[in-house]
Amino acid sequence: MTLTVHLFARARELAGSAAAAVPLPPVATVGDLRRELATRFPALAGLLERSAVAVNHDFAEDSHRLTAADEVAVIPPVSGG
Amino acid sequence: MIRLTHDPIDYAALTEAVRSPRCGAVALFLGTVRDLTGEFVTVALDYEAYGPMAEKKLAEIEAEVRRRWPVGGVALVHRLGRLAVGEVSVAVAVSCPHRAEAFDACRFAVDTLKELVPIWKRENAPDGTGEWVHQSAPPPANREA
């Protein structure tokens, strides 16, 4: 499956895009997605380690199993307020 | 109510909106753009949000505030886009029967917003350079308000 990953703030700048199409095997977790993102966007790897991943608008653990219909986003440390 | 907006926040109207006859206390918090962070001079901030998730997390915070305190009205509004020094970036207004709970509920809402809601600021210096602020620790997975 291929998931579109939304990117924000410094993560968007480092990846050079607000959205990235990331190919994954049919059975894949958030951890697999992190590894694939770091491989495809080496500049993003450092910030990715300090970032959360959101699946369908909730924070998700690395063990979370992804499906093709999921909305996925990298959430760098937030700084609202 | 919760809202993300690119327009200036009318915090007087927001404060009026949460007032209630059964509430003798209204607490209002405003976050405003500061000109100095340590030695770093800021002329403007750019705010960016992951809109759908930010709205969901703000709604969760409102629900949790209503669950924990005897709230009459609660409003959380965050501004997006470019803000000059002195402008209001966030407003939280809460009414409760008594002041202690209004202060506590308002503080909880602001603190949780800053911890959980996917909004980011970029600090812009006078020389045109800027940096995204990514200092906080990531929230634990499955963290809800």
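Chain A has 3 helices and 5 strands, where helices (H or I, at least four residues) and strands (E, at least two) are DSSP runs numbered from the N terminus. The model is a predicted one, in which local features need pLDDT of at least 70 and side-chain atom pairs count only at pLDDT 80 or more, while totals for chains, interfaces and linings use all residues. Residues are numbered from 1 along each chain as its sequence is written, and chains are lettered from A and ligands numbered from 1 in the order in which they are written.

Read along the sequence, the elements of chain A follow the pattern β-α-β-α-α-β-β-β. The radius of gyration of chain A is 12 Å, close to the 12 Å that the globule rule gives for 81 residues, so chain A is as compact as a globular protein of that length; the radius is taken over C-alpha atoms, and the rule is 2.2 Å times the number of residues to the power 0.38. Along its principal axes, the C-alpha trace of chain A spans about 35 × 25 × 20 Å. Of its 81 residues, 42% count as buried. Here a residue is buried if 20 or more other C-beta atoms lie within 10 Å of its own, exposed if 12 or fewer, and partly exposed in between, with C-beta atoms placed from the backbone. Contacts are counted when the C-beta atoms of two residues, placed from the backbone, lie within 7 Å. Among contacts in chain A with a separation of 6 or more, 49% come from residues 24 or more positions apart.

Helix H2 of chain A covers residues 30–40, and Val30(A), Leu33(A) and Leu37(A) are buried in it. Seen down the axis of H2(A), the buried residues fall within an arc of 55 degrees, so they line one face of the helix; the arc is that of the directions from the helix axis to the C-beta atoms. The cover over these residues includes strands S1 (2–6), S2 (19–23), S3 (52–55), S4 (58–60) and S5 (72–75), together with helix H3 (45–49), of chain A.

Two of these strands, S1(A) and S2(A), pair in the antiparallel sense over 5 bridges, pairing being assigned if DSSP finds at least two bridges between two strands. Within this pair, Val5(A) stands opposite Ala20(A) in S2(A). Ala20(A) belongs, with Val22(A), to the covered face of S2(A), whereas Ala19(A), Ala21(A) and Pro23(A) make up the uncovered one.

Ala9(A), found in helix H1 (residues 9–15), has a phi near 55 degrees, a positive value in a residue other than glycine. Ala9(A) is buried, with 28 other C-beta atoms within 10 Å. Asn56(A), in the loop between S3 and S4 of chain A, has a positive phi of about 50 degrees although it is not a glycine. Asn56(A) is partly exposed, with 14 other C-beta atoms within 10 Å.

Turning to chain B, there are 3 helices and 10 strands, which run β-α-β-β-β-β-α-β-β-β-α-β-β from the N terminus on. The radius of gyration of chain B is 16 Å, close to the 15 Å from the globule rule for 145 residues, so chain B is as compact as a globular protein of that length. Its C-alpha atoms fill a box of roughly 50 × 35 × 25 Å, taken along the principal axes. Of the 145 residues of chain B, 37% count as buried. Among contacts in chain B between residues at least 6 apart in sequence, 75% join residues at least 24 apart.

The contact between the chains takes 28 residues from chain B and 22 residues from chain A. On the side of chain B that touches chain A, helix H2 (51–68), strand S8 (88–96), H3 and strand S9 (119–124) each supply at least two residues. That side divides into 16 nonpolar, 7 polar and 5 charged residues; Ala, Val, Leu, Ile, Met, Phe, Trp, Tyr, Cys and Pro count as nonpolar, Asp, Glu, Lys and Arg as charged, and the others, Gly among them, as polar.The largest nonpolar core has 67 residues, of which Val53(A), Val94(B) and Ala109(B) touch the most other members; such a core is a set of buried Ala, Val, Leu, Ile, Met, Phe, Trp, Tyr and Cys residues joined through C-beta atoms within 7 Å. Helix H3 (residues 99–116) of chain B gives the most to this core, with 7 residues. Beyond residues up to four places away in sequence, Val94(B) touches partners including Val18(B), Ala102(B) and Ala109(B).
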